Amino acid sequence: MSTARATLNRTSVEDIITRAGDHEHVLTVEDLTVAFTRRRRQITAVRGVDLTLTAGRTLVLLGESGSGKSVTARAILRLYGRSATIGGSVRLGDTELTTLDESWMRGIRGGAIGMVPQDPSGSLDPLRRVGAQIVEVLQRHDVEQDERRGRAYAGGLLERVGIHDPGRVLDAFPFELSGGMRQRVAIAIAIACRPRVLIADEPTTALDVTVQAQVLALFTELQRELDMALLLVTHDVGVARIVGDDVAVMYAGRLVETGSVDEVLARPAHPYTAGLLDALPLPGIPRGELLAIPGRPPGPDELVSDHACAFAPRCRFAQPSCTRHRPPLVEVRPGRLAACDVVGGEVPRVAPATRGATARTEAVA
Amino acid sequence: MTSFLTRRLLLAIPILIGVSIVVFITIKLIPGDPVAALLGPNATPQARADLVARMGLNKPIPLQYVDWIWAVLHGNLGTSISLQQSVGSLVLKAFGNTLILLVASLFLATLGGVVLGTIVALRPRSVLGRIVSSTSLGAISIPQYTVALLLLLFAVETGALPTGGMHGTGDGSFGDLLAHLVLPAIAAALTPMGIVARMFAVALSDVLAQEFVESMRARGLSQAAIVRHAMHNALPSLLTITGLQVGYLLGGVLFVETIFAWPGIGQQVYSAISSRDMPLIQAGVLISAVVLVLVNVVVDTVHALVDPRVRA
């Protein structure tokens, strides 16, 4: 009886995943709201976020810590369980995930949607060998039930993520591997079931800079190979520039700007995005010329009025009207959305190139 | 693994030496004259002097220790003053009985503690979780003698279980032993069970808060599989917790033995103290202390077997 139900579930989940492949927009997030209850107080961490993931493309979710970007990523997979109230809609192909039965949702997690966690050292069970942990996932999603063949399959996965001695790594405990290796293992597990969507939450933040570049290159490669949609959560503008096709900038739980990476980074339409870019250290710029954004972002438990721009207190373009009315996310140019009605579609700023040039001239002088 | 075990065993040697010194000195410090106890009040000074010389009591204390430990290492624990039998065989037999009670109550305390702790860790805010949590606090707070007396009262009133001794019918059947074991084991196990429950609940919730648990959820693993992983990870803490409880449990068992007339080392040492039977007291205390040290070696070894990071 229970076996029959399990089989039914599996075929249904497989069906959902196959159907998702037919849609150009594999994953659609609409008006997503995530709220937690802490000590009888409602804390809204994400408010009205819209995202569209397309097969073969990378969407970068950019923002400071506390902006709600990681919460958004986790809420898509419903990882918070009953501790969070999720509003709005998350659709995989044509299947609504926010109301999907939990047992089906388990088939979606790791099956249709893979996730690469932030801290590779914490993402694996410290007491079990790497091979056993990969095989467990393969068995769970019915990729390979047989232990021996599962191990061979796992070895293949490790080779695919650039591990040259899969035999040793399969037999290793997580603590015997370097951070970069562990992250490769985590990626291998995430892609084990050929997911349609890969969510990576700050996948390179805990890694050395040289390893970061390798891991980012690996993401791009795997994405092309498997034709996945990639949602990459990061606070790092540099990472966005390297791997992103599109970018969505978050601030205080809301989207403030979206568009293609090239355009948004070249001509930001929201003062916050511009602030992030100005705060970016570029080679040749002396420390004194970095323009930090004053103040700090509001924490998720701080009350943010729904009738004011959350960024206004830190914004150098802020007008009195900014604290009385929250600018909606509107199209400022074709394919570009921004939530600021003061700067009129483009933030006037010193171009990074000029900043670099000035710095270089000063250095020469 | 072999090198780990060798290292751990070598480390136990100085501890055992220290333990034996403490036991020896403690016995020396106990008021009372074993010679007087042996010979009675009417002994002649000559008889006294002979006995003192025969027992080596005229030698310097360090030398007495060396003599004693040398004999102990050769399996000679001396002769009981009151029973005029070899202390070694007396203590060994009694300790076997104590071990039965110790293992039974350790089993109860660990099993009960793990079950209760798991409920609290998995459902901390549920009604069941709260009830279990306060029950284990209650188990810790009730003094052992109250528990023992309540159990005795229960047994006498209902007549369901034997109230003392190890065997009733004398046929030595396992069922008979088990029936006699129930009450003393519960009495000794209750407090450690509460402690294990509370500490294991904390250990398991710590593991459940670790990042790999969320990662496993994100991989689609079932709740049962995740709890299995988490339990495995909480096992080292459980070992440490129960290892610590063995000491407490041993103390409790020795006490409970006297109440339930369990013919173990506790009862033996208790009667040896009243008859100033120094060799018997000494051997009883020594064997209890040595067992504690060995239990710790076992705990560390199992810990290393469970956690690869420890044995590396």
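Which residue in β8(A) is the bridge partner of Ile199(A)? It is Leu231(A), and I shall build this presentation around that pair.

Before that, some conventions. The model is a predicted one, in which local features need pLDDT of at least 70 and side-chain atom pairs count only at pLDDT 80 or more, while totals for chains, interfaces and linings use all residues. Residues are numbered from 1 along each chain as its sequence is written, and chains are lettered from A and ligands numbered from 1 in the order in which they are written.

Let me begin with strand β7 of chain A, residues 197-201. Helices here are DSSP runs of H or I with at least four residues, strands are runs of E with at least two, and both are numbered from the N terminus. Five of the five residues of β7(A) are buried, so the strand is largely enclosed by the rest of the structure. A residue is buried if 20 or more other C-beta atoms lie within 10 Å of its own, exposed if 12 or fewer, and partly exposed in between, with C-beta atoms placed from the backbone. Val197(A), Ile199(A) and Asp201(A) point one way from β7(A), and Leu198(A) and Ala200(A) point the other way.

What are the partners of this strand? Strands of a sheet pair through backbone hydrogen bonds, either parallel or antiparallel. Two strands count as paired if DSSP finds at least two bridges between them. Strand β6 of chain A, residues 113-116, runs parallel to β7(A) and is joined to it by four bridges. Across these strands, Met115(A) has Ile199(A) as its bridge partner, and Val116(A) stands opposite Ala200(A). Strand β8 of chain A, residues 229-234, is also parallel to β7(A), with five bridges. The chain passes from β7(A) to β8(A) through helix α8, residues 209-226, in a right-handed β-α-β crossover. Right-handed means that, with the strands pointing away from the viewer, the path from the first strand over the helix to the second runs clockwise.

These strands belong to an open, mixed sheet of eight, in the order β6-β7-β8-β3-β9-β10-β12-β11 of chain A. At its edges stand β6 and β11 (330-333), each with a single partner strand, so one side of each is left without a neighbour in the sheet.

Chain A also has an open antiparallel sheet of four strands, ordered β2-β1-β4-β5. Within this second sheet, β1 (residues 25-38) and β4 (residues 84-92) of chain A pair over eight bridges, and Phe36(A) stands opposite Ala84(A).

I return now to Leu231(A). Beyond its neighbours within four places in sequence, Leu231(A) is in contact with Leu53(A), Leu59(A), Leu61(A), Ala73(A), Val197(A) and Ile199(A); contact requires C-beta atoms, placed from the backbone, to lie within 7 Å. Leu231(A) is also among the residues with the most contacts inside the largest nonpolar core, which has 107 residues. Such a core is a set of buried Ala, Val, Leu, Ile, Met, Phe, Trp, Tyr and Cys residues joined through C-beta atoms within 7 Å. Helix α7 of chain A, residues 179-190, gives the most to this core, with seven residues.

Finally, chain B. It has 13 helices and zero strands, and buried residues make up 34% of its 312 residues. Where do the chains meet? In all, 22 residues of chain A are in contact with 18 residues of chain B. On the side of chain A, α3 (102-108) and α4 (130-140) are the elements that give two or more residues.

Key: Contact = placed C-beta atoms within 7 Å.
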